[in-house]
Amino acid sequence: MEQYLVPLLGRELLCELSNDAVQQAFSTIIRRHQSTGRPVSAGTLRRVQATLRAALNLAVRNGLLAANPARHLNLPRTPRPHPTVWTDNRVAEWRRTGDRPPVAVWTPVQTAAFLAFASDHRLYALYHLYALRGLRRGEGAGLRWSDFDASGHTLTVVRQLQQRENGRLEVCPVKTRAGERTIALDRSTIHALNTHRNQQKEEKLAAGTDWNESDYIFTDTYGRPLRPDYIGHVFQNMVRRSGLPPVRLQDLRHGAASLALTGGSDLKVVQAQLGHSTIMTTADTYTSVLPETAHLSAEATARVVIDAARKLSRGIRYQSTPRRRRAKGRPAASPNRGICSPA
């Protein structure tokens, strides 16, 4: 809100705020971002509109405005990119042309290869969490040791760290109410976090009086919380050095959802893991069909027909014609008549 609307609408009188003024403000936001080579996404514009609309709805209810000027705006609509899995053919094409999909997902083998490459990095546990549990970038940065229950095998997400334009870090609520969640942890993730805690204790001793006591799980070597853009920058450097096909840090969230489904998790469980308000968001946006999942589905579908064919080959056939009425004086038909028993 501060970044997008305050500079453009902050000096407008509420009683004089019109639909044209709001529309012009959004057009200016779009134009300014395009001029910097970093166009603002349609999703961001919708979220800014929703925030402004909610604030102006309160003004309408209080009688300060007759109608909400942010209700009907002409905003660009862009199709939501579908996650593309890095199959062998797509990797070969990327190496040949350099072209990559806007949203890309690693296969389980590629994910394992990255985690093996990053295993010696001091922030390995953080990227392990992103890859397997699908945390948002700011959620990972905002985790504290009080959120981690090693004996209960859970991690509670209740906040995120956001970075303002001046570089200042700010503790914020999670993106949605559903984003406040408790995530189940597997043994490998618990081991990674415990190893990271021991490493952090050694860094605290080395820093001495320069250590900043913050309780954050992921910090720099002096105990200060990490900037989200730094986390993304380190990740991109590791991906380039690993030789793996490129993905964004946000793409690990897509990958975690797909891995969970491949592992047999119910879609409702994946929704809760990612902190989505609706299951449609999980189904439409954050899951992509990995080759392993598609092959399992194909085999399961074929198995239905194969099992039916085996029954036929054993001579089990079902009566397909209606039973005729028995004439008077004729003996009753055998109860097995019309069904061929196995030879």
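## Briefing on a predicted single-chain model

Leu-45 touches Phe-26, Ile-29, Ile-30, Val-40, Leu-75 and Pro-76, leaving aside residues up to four places away in sequence, where a contact means heavy atoms within 4.5 Å. This is a predicted model, in which local features need pLDDT of at least 70 and side-chain atom pairs count only at pLDDT 80 or more, while totals for chains, interfaces and linings use all residues. Residues are numbered from 1 along each chain as its sequence is written, and side-chain values use heavy atoms, with hydrogens and water left out.

**The chain as a whole**

- The chain holds 13 helices and seven strands, these being DSSP runs numbered from the N terminus, with helices taken as H or I of at least four residues and strands as E of at least two.
- Of the 343 residues in the chain, 37% are buried, a word that stands for under 20% relative accessible area, whereas exposed stands for over 50% and partly exposed for what lies in between (1.4 Å probe, protein chains only).
- The accessible surface of the chain comes to about 20900 Å², and 52% of it belongs to carbon and sulfur atoms; such areas come from the Shrake-Rupley method with a 1.4 Å probe, and for residues only the protein chains shown count as cover.
- When contacts between residues at least 6 apart in sequence are taken, 58% of them join residues at least 24 apart.

- Leu-45 lies in helix α3, which spans residues 42-61, and Leu-45 is buried, with a relative accessible area of 2%.
- Ile-29, one of the residues that Leu-45 touches, is 16 residues from Leu-45 in sequence, and the two are 8.8 Å apart in space, C-alpha to C-alpha.
- Ser-242 belongs to helix α9 (residues 228-242) and is partly exposed, with a relative accessible area of 23%.
- Ser-242 and Leu-115 are 127 residues apart in sequence, yet their C-alpha atoms are 9.9 Å apart in space.

**Salt bridges**

- The count of salt bridges comes to 11, under the rule that a side-chain nitrogen of Lys or Arg lies within 4 Å of a carboxyl oxygen of Asp or Glu.
- Glu-93 and Arg-96 meet through their side chains in a salt bridge, at 2.8 Å from N to O; because these two residues are three apart in helix α4 (residues 88-97), they are separated by about one helical turn.
- Within that pair, Glu-93 is partly exposed at a relative accessible area of 37%, while Arg-96 is exposed at 62%.
- Glu-170 forms a salt bridge with Arg-168, with 3.7 Å between the closest N and O atoms, and both partners are partly exposed, Glu-170 at 25% relative accessibility and Arg-168 at 44%.
- The side chains of Arg-248 and Asp-251 also meet in a salt bridge, at 2.8 Å from N to O, in which Arg-248 counts as partly exposed at 33% relative accessibility and Asp-251 is buried, with a relative accessible area of 2%.

**A positive surface patch**

- Arg-303, Arg-310, Lys-311 and Arg-314 form a positive surface patch, and patches are made of residues with over 30% relative accessible area and no salt bridge, like charges being joined within 9 Å and nonpolar side chains (Val, Leu, Ile, Met, Phe, Trp, Tyr) within 5 Å.
- For charges, Lys and Arg count as positive and Asp and Glu as negative, while His and the chain ends are not counted; the place of a charge is taken as NZ of Lys, CZ of Arg, CG of Asp or CD of Glu.
- Arg-303 has its place in helix α13 (residues 291-313), and Arg-303 is partly exposed, with a relative accessible area of 37%.

**Positive phi values in loops**

- His-153, in the loop between β3 (148-149) and β4 (154-157), has a phi near 60 degrees, a positive value in a residue other than glycine, and is partly exposed, with a relative accessible area of 35%.
- Asp-215, in the loop between α8 (187-207) and α9, has a phi near 75 degrees, again a positive value in a residue other than glycine, and counts as partly exposed at 33% relative accessibility.
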